[in-house]
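Have a go at each task before you read the solution.

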Amino acid sequence: MAVERTLSIIKPDAVAKNVIGDIYSRFEKAGLSIVAARMLQLSREQAEGFYAVHKERPFFKDLVEFMMSGPVMVQVLEGENAIAKNREVMGATNPKEAAPGTIRADFASSIGTNAVHGSDAPETAKQEIEFFFKPEEICPRSR
Ligand code: RTP
Ligand code: MG
């Protein structure tokens, strides 16, 4: 299996719940290493730019407002099969459909307020990592 990198965001609701450490622990237990991280408050431009793929969707405005509503923790996760593994640990977008023990089952309150983001494919992972981090800000664990 290939070593991959993926972009993860702990969204404002989960930061406000004070569960950054709990979520980091789940990543690490799943074999994912945090190789870059930054806390920031997204500007409207950043939130709209990051979710530009959804700009025609009815939930876009609410999504942007929510992502700007408080600080987020942004990290690059590295490990074997990291993109799929992170999405497995996250659980389904809608917490009502998320498997027990997943981050969204435990911390998300609705489909819009759903605790975490994770890249969904190699190409989007690359774009999303570049959106937040310069190459020299990433500290690879693998050789
Ligand atoms: P994410 O991008 O945040 O990791 O989530 P995802 O892949 O599981 O879901 P995606 O389809 O990419 O949607 C992005 C985010 O938009 C919000 N959403 N709201 N109200 C709605 O029907 C609705 N649908 C999607 C969610 O917060 C979702 O995470
Ligand atoms: Mg998505």
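**Exercise 1: Aromatic rings**

At 4% relative accessibility, Phe 132 counts as buried (buried is under 20% relative accessible area, exposed over 50% and partly exposed in between, with a 1.4 Å probe and protein chains only). This is a predicted model, in which local features need pLDDT of at least 70 and side-chain atom pairs count only at pLDDT 80 or more, while totals for chains, interfaces and linings use all residues. Side-chain values use heavy atoms, with hydrogens and water left out, residues are numbered from 1 along each chain as its sequence is written, and chains are lettered from A and ligands numbered from 1 in the order in which they are written.

Task: find how many aromatic pairs the structure holds, and work out why the pair of Phe 50 and Tyr 51 is classed as it is.

Solution, step by step:

1. Start with the count: there are 5 aromatic pairs in the structure. Rings of Phe, Tyr and Trp (its six-membered ring) pair if their centres lie within 6.5 Å; planes under 30 degrees apart are stacked, over 60 edge-to-face and the rest tilted.
2. For Phe 50 and Tyr 51, the ring centres are 5.1 Å apart and the planes stand at 85°, so this pair is edge-to-face.
3. Check the burial of both partners: Phe 50 is buried at 8% relative accessible area, and Tyr 51 is buried at 6%.
4. Now turn to Phe 131 and Phe 132, an edge-to-face pair with 4.9 Å centre to centre and 70° between the planes. Phe 131 is partly exposed, at 36%, whereas Phe 132 is buried.

**Exercise 2: The annotated histidine**

Task: say in which strand His 117 is found, and whether His 117 is buried or exposed.

Solution, step by step:

1. Begin with the record: UniProt, in an unreviewed entry, places the feature "active site" at His 117. UniProt positions follow the numbering used here, feature names are shortened, and annotations may be inferred rather than shown by experiment.
2. Locate the residue: His 117 lies in strand β4, residues 116–118. Strands (E, at least two residues) and helices (H or I, at least four) are DSSP runs, numbered from the N terminus.
3. Judge its accessibility: with a relative accessible area of 10%, His 117 is buried.
4. List its contacts (heavy atoms within 4.5 Å): leaving aside neighbours within four places in sequence, His 117 meets residues including Phe 50, Tyr 51, Asn 86 and Glu 128.

**Exercise 3: Around the ligand**

Task: which residues come nearest to ligand 1?

Solution, step by step:

1. Of the 14 residues around ligand 1, those that come nearest are Lys 11, Tyr 51, Thr 93, Asn 114 and His 117 (a residue is near a molecule or strand if one of its heavy atoms lies within 4 Å of it).
2. Take the side-chain distances in turn. An oxygen atom of ligand 1 lies 2.9 Å from a side-chain N or O atom of Lys 11.
3. For Asn 114, the distance from a ligand 1 oxygen to a side-chain N or O atom is 2.9 Å.
4. Finish with His 117, where a side-chain N or O atom is 2.8 Å from an oxygen of ligand 1.

Terms used
Polar contact = N/O pair within 3.5 Å; in protein donor to acceptor, adjacent residues only side chain to side chain.
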